[in-house]
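Biologist: Hi! Could you walk me through the aromatic side chains here, and then a few other spots?

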Amino acid sequence: RQIENDFSIYIDNNNWFYKSRSDPSGGIFISKDNGITYTMLINSPNTFIEKMSVQSDGNFYYDLDGKGLFMATGISNSVKHLDDNEFSIPTTYIVAKNNNIIYSIWDSGLIKYYQK
């Protein structure tokens, strides 16, 4: 039996569950039956997808350990690298109502603004 390493879980307004996993079959998954079964949306094996969320624009945002902040769409499995994070600690971020992103760089005192 394969062990799953769940890192983030998110529940949207439809009560759909999303989770990110780090294991040989890792990525972002969705459940439309209250977490009983999951289907892969974004394939990203053996990576640490942390602080994953689904925002009002319908996209997934997450920090990839040591590689920075990313945005992904579940429909096309398209991933966009938003900004490098020079630290290995996941960043805290906010997606504003205008879909721009405000995020912090851990242990540097910096707040950055990403304009789409």
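Modeller: Happy to. Searching the whole structure turns up 3 aromatic pairs; rings of Phe, Tyr and Trp (its six-membered ring) pair if their centres lie within 6.5 Å, and planes under 30 degrees apart count as stacked, over 60 as edge-to-face and the rest as tilted. One of them is Y10 with Y18: the ring centres are 6.2 Å apart and the planes at 50°, so this pair is tilted. Keep in mind that this is a predicted model, where local features need pLDDT of at least 70, side-chain atom pairs count only at pLDDT 80 or more, and totals for chains, interfaces and linings use all residues. Residues are numbered from 1 along each chain as its sequence is written, and side-chain values use heavy atoms, with hydrogens and water left out.

Biologist: Is Y18 buried or exposed?

Modeller: Y18 is buried, because its relative accessible area is 6%; buried means under 20% relative accessible area, exposed over 50%, and partly exposed in between (1.4 Å probe, protein chains only). Y10 counts as partly exposed, at 25% relative accessibility.

Biologist: And which aromatic pair do Y18 and F60 form?

Modeller: An edge-to-face one, 5.5 Å centre to centre with 70° between the planes. Y18 lies in strand β2 (residues 17–21) and F60 in strand β6 (residues 60–64), so the pair ties together parts that are 42 residues apart in sequence. Helices (H or I, at least four residues) and strands (E, at least two) are DSSP runs, numbered from the N terminus. F60 is buried, with a relative accessible area of 4%. Ring pairs link Y10, Y18 and F60 into a cluster.

Biologist: Nice. What lies over the face of Y38?

Modeller: That would be K19, at 4.1 Å from the ring centre. A charge sits over a ring if NZ of Lys or CZ of Arg is within 6 Å of the ring centre and within 35 degrees of the ring normal. K32 has its charged end over the ring of W16, 4.2 Å from the centre.

Biologist: Changing topic: where is L82 found, and what is it in contact with?

Modeller: L82 is in strand β8 (residues 78–83) and is buried, with a relative accessible area of 9%. Setting aside neighbours within four places in sequence, L82 is in contact (heavy atoms within 4.5 Å) with Y61, L69, F70, M71, I101 and Y114.

Biologist: Last one: where is the place of I42?

Modeller: I42 is in strand β4 (residues 39–43), and it is buried, with a relative accessible area of 1%.
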